[in-house]
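Please keep the sequence and the model in view while reading.

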Amino acid sequence: QVQLVESGGGLVQAGGSLRLSCAASGSIFSSNTMGWYRQAPGKQRELVAIITSGGSTNYIDSVKGRFTISRDSAKNTVYLQMNSLKPEDTAVYYCNVKNPYRPTYDYWGQGTQVTVSS
């Protein structure tokens, strides 16, 4: 089992910044891929950014150049630095951990609300 605890969400004006954190505990593997997803009201959950155990990253087009995902493997923590926030970034943001060698290894955090006012 894995527990993911997110923090750092809140209300910010357009153009502002927020930093989300997600601390993982439990059965952690060094080969884990960690990611951030978001779900806006009335929309499907979408992948925002992922980072592999080797540090490779991938982002959806709408956040490229504004968001940065990083991880501290020693702390089993993943971060999402969000700059130049836009109202369309408003959503509940979820942390996720998967493992490429373990198909059933798929855990989610409880979500943290990010609201960007115009």
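A residue is called buried here when its relative accessible area is under 20%, exposed when that area is over 50%, and partly exposed in between. By that cut-off Y37 counts as buried, because its relative accessible area is 15%. The model is a predicted one, and the values below are computed from it.

**Overall fold**

- The chain contains zero helices and 11 strands, so that reading along the sequence gives the pattern β-β-β-β-β-β-β-β-β-β-β.
- Taken along the principal axes, the C-alpha atoms fill a box of roughly 40 × 25 × 20 Å.
- Of the 118 residues in the chain, 42% are buried.
- When contacts between residues at least 6 apart in sequence are considered, 54% of them join residues that are at least 24 apart.

**The open sheet of four strands**

- Four strands make up an open sheet in the order β1-β3-β8-β7, and their pairing is antiparallel.
- The edge strands of this sheet are β1 (2–7) and β7 (67–72), each of which pairs on one side only.
- From one strand to the next, the twist averages 15°.
- Strand β7 pairs with β8 (residues 77–82) in the antiparallel sense over six bridges, and F67 stands opposite M82 in β8.

- Strands of a sheet pair through backbone hydrogen bonds, in either a parallel or an antiparallel sense.
- Strand β9 (residues 91–99) is mostly covered, with seven of its nine residues buried.
- Seven bridges join β4 and β9, which pair in the antiparallel sense, and W36 has C95 in β9 as its bridge partner.
- β9 also runs antiparallel to β10, to which it is joined by four bridges, and V97 has Y107 in β10 as its bridge partner.
- β9 and β10 form a hairpin that has two residues between the strands.
- Three bridges join β9 to strand β11 (residues 112–117), again with the two strands running antiparallel, and V92 stands opposite Q113 in β11.

**Aromatic pairs**

- How many aromatic pairs does a search of the whole structure find? The search finds three.
- F29 and Y105 form an edge-to-face pair, with 5.3 Å from centre to centre and 65° between the planes.
- This pair links distant parts of the chain, since F29 lies in the loop between β3 (18–26) and β4 (33–39) while Y105 lies in strand β10 (residues 102–108), 76 residues apart.
- F29 is partly exposed, with a relative accessible area of 26%, whereas Y105 is buried, with a relative accessible area of 6%.
- Y37 and W108 form another edge-to-face pair, with 4.8 Å from centre to centre and 65° between the planes.
- F29, Y105 and Y107 together form one aromatic cluster.

**A charge over two rings**

- Over which rings does the charged end of R45 sit? The charged end of R45 sits over the ring of Y94, 3.7 Å from its centre, and also over the ring of W108, 4.7 Å from its centre.
- W108 therefore takes part both in the edge-to-face pair with Y37 and in the arrangement with R45.

- Leaving aside residues up to four places away in sequence, G111 touches E6, V92, Y93 and Y94.
- G111 and T68 are 43 residues apart in sequence and lie 18 Å apart in space, C-alpha to C-alpha.

Conventions: Residues numbered from 1 in each chain as written. Predicted model: local features only at pLDDT ≥ 70, side-chain atom pairs only at ≥ 80, totals over all residues. Heavy atoms only, no water. Phe/Tyr/Trp six-rings, centres within 6.5 Å; stacked < 30°, edge-to-face > 60°. Buried < 20%, exposed > 50% of the residue type's maximum accessible area, 1.4 Å probe, protein only. Lys NZ or Arg CZ within 6 Å of the ring centre and 35° of its normal. Pairing = 2+ DSSP bridges. Axes fitted to C-alpha atoms, helices over the stretch in contact; angles between N-to-C directions. Contact = heavy atoms within 4.5 Å.
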